[in-house]
Amino acid sequence: MEQLSFQKAQQRAEALRTELNKYAYQYYVKDQPSVEDYVYDKKYQELVNLETDYPNLITADSPTQRVGGKVLEGFVKVIHDTPLYSLNDVFNKDELIAFDERVKKAVGHSVSYCCELKIDGLSISLKYENGLFVQGATRGDGSIGENITENLKTVKSIPLRLTEPLSVEVRGECYMPKESFVKLNERREEEGKEVFANPRNAAAGSLRQLDSKVTAHRNLSTFLYTLADFGPLEATTQDQALSELARLGFRTNDERKLCDTIDEVWEYIEAFHEKRNQLSYEIDGIVVKVNDFDLQDQLGFTVKAPRWAAAYKFPPEEAETIIENIEWTVGRTGVITPTAIMNPVRLAGTTVSRASLHNSDYIEKKEIRLNDTVLVYKAGDIIPEVAQVIMEKRPSDSTPYEVPTHCPICDSELVHLDEEVALRCINPKCPAQIKEGLNHFVSRNAMNIDGLGPSVLAQMYDKHLVSDVADLYALEKEQLLTLDKIKDKSAENILQAINVSRENSVERLIFGLGIRHVGSKAARILAEHFGSLHDLSRATKEEIIELNTMGETIADSVVTYFENDEVHDLMKELADRGVNLIYKGLRTSQLEEVESPFKGKTIVLTGKLLDYTREDAKEKIENLGGKVTGSVSKKTDIVVAGEDAGSKLTKAQSLGIDVWDETQMIQAIETSHLDE
Ligand SMILES: [Zn+2]
């Protein structure tokens, strides 16, 4: 890029910052993405380049300051000027009514309550001076917390600059969304690391990282709900205070409700007791506050807590059952994972009979044995976990559980790699690992080959038809017909699906190869940048790290992968068998030039399409700048309804969303074009 004059660069950087901060606000605070990722990524990269050329341009509120920086040696203590109070807990309706009675007696009349969800995260306090974020701290014991400013800067829903130049201290909760928690634990299990018991522990662990770069990758979010001192704000009630916080740029929770009677409060509590599993974050109760600040002042505090608030705690959702067996399975990377097979039990709306025990350390730490009676709960409201063994119920003839020393599939000796809690089978020819690798290769986000389920692939491997992924492309119909349950028609369908996958753009192949740490998003970024598998195989570690969002771990893993001669043999085999090794998607630089009715729109496909598969239509629309999602909501712009469209079509009609038929979609795809 040509060097800009300093003044021009300054103006451009300012414009980019404003724009990027606006996008981030819409995405992370309002949950309403306004642009596609590639638009953000491109502008972000431009700002990074400008700031590299002119380091003086870096400001405290630049989005580039959110990626994490220097590694700390320890956390410094922070004394809270105004302590963070804790709330009195109530556990049932009677205690709630007693709370209301005390309030009414003290003020002499009935009052309105502001009810809010009690987010199960970590309490934080954020200080702003003249509108700029200057310090973030944990709650600690309420009086003394820890300075975690660097980590909180990476949490994108926390504004680095307020909409007004105020000096305030704001309080709220930092949490990990359930979905991020599940993904994080899946990844950690696969990498042989310890898993987190619940989203709250995961959030706490993420905020207490001395290296803020780690925090930056943990996808934390926040809800802010109060101030240390309301002085600068024009709010006379809790409800208004929340609106004011939102106006200043903070993320606040929209589920709050103003209730005029304690019966209404109870209805709200019951409603969310039902709905809590459907929220994208974990809550552990409901906070009930006297809404009016004057009345709050009048009620004051006890030594422990405010008299004007109570925290209703949901009863824990736990169930008792017996561990009947422990199964060990071998994953794609050789990690072997134990699963408890339990006597089926009802838990938070579903029947639970299996729970991952994660690794052998976990079994030892919880002292789990066969035939033990255990308490189970759902981590993140989704994943069944064993909370603890009920020791009193342990059978008298019980003996400690013996962890296997050899792979349950190939019988080679298991090892503990450095710093890993997992046991691994390190035999590269372990059939279980190869089969898992094949499953991954054909999966939806990888090569997307229909008809090759785990049992078909396992048979192919066992009958020596396939020993690596390239062998799939040499399969013949006669061979397929030797497999169980594969008839003429299904054999043809499988061959057809394999054939179609030859043409996939190379990011699918890169993901499908199962290079450690390379997920589908990283695969796409690598494919887009390097253009082909061959160019990627020659990339240096430095070239990969330079790419936005690629860390050292991915770079190391990619380079190491391609150092292996066998990988080059595999690449040659794939190429010889007609598998495409080139990136076919649009480069992000081209995407800006796209003119199409899909650009910037959110589209839902429903019903049966005749001319396209769902996947094809999705890919085409996404290449034309649209975003394809699974469910219809107010944010949906267009619903494409194929044959026999059902409830999604009905919902679209009730919301007044544009409905297209397949022909309209095809026309739109065909008439869209790229400006060269
Ligand atoms: Zn093995």
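What does Lys 541 count as at 25% relative accessibility?

Analyst: At 25% relative accessibility, Lys 541 counts as partly exposed. The scale runs like this: buried is under 20% relative accessible area, exposed is over 50%, and partly exposed is in between, using a 1.4 Å probe and protein chains only.

Before going on, note that this is a predicted model, in which local features need pLDDT of at least 70 and side-chain atom pairs count only at pLDDT 80 or more, while totals for chains, interfaces and linings use all residues. Residues are numbered from 1 along each chain as its sequence is written, and side-chain values use heavy atoms, leaving out hydrogens and water.

Now for the partner of Lys 541. Its side chain meets that of Glu 552 in a salt bridge, 3.5 Å from N to O. Such a bridge is a side-chain nitrogen of Lys or Arg within 4 Å of a carboxyl oxygen of Asp or Glu. Side chains of opposite charge can pair when their charged atoms come close. Glu 552 lies in helix H20 (residues 552-562) and Lys 541 in helix H19 (residues 541-545), so the bridge ties together parts eleven residues apart in sequence. Helices (H or I, at least four residues) and strands (E, at least two) are DSSP runs, numbered from the N terminus. Glu 552 is also partly exposed, at 48% relative accessibility.

The whole structure holds 40 salt bridges. One of them pairs Asp 284 with Lys 118, with the closest N and O atoms 3.4 Å apart. Because Asp 284 sits in strand E10 (residues 283-290) and Lys 118 in strand E3, this pair ties together parts 166 residues apart in sequence. Asp 284 is buried, with a relative accessible area of 18%.

Another salt bridge links Asp 239 and Arg 256, whose closest N and O atoms are 2.8 Å apart. Asp 239 belongs to helix H8 (residues 238-247) and Arg 256 to the loop between H8 and strand E9 (257-259), so parts 17 residues apart in sequence are tied together. Asp 239 is partly exposed at 24%, and Arg 256 is partly exposed at 21%.

Arg 256 leads us to Glu 116, because contact (heavy atoms within 4.5 Å) is made between Glu 116 and several residues beyond its neighbours within four places in sequence, including Arg 256, Gln 238 and Lys 289. Glu 116 lies in strand E3 (residues 113-119) and counts as buried at 8% relative accessibility. UniProt, in an unreviewed entry, lists Glu 116 among the residues of the feature "binding site", along with others including Val 39 and Lys 313. Those positions span 277 residues in sequence, and the farthest two C-alpha atoms are 44.1 Å apart, so they do not all gather at one spot. UniProt positions follow the numbering used here, feature names are shortened, and annotations may be inferred rather than shown by experiment. Val 39 has its place in helix H2 (residues 37-53) and, at 11% relative accessibility, counts as buried.
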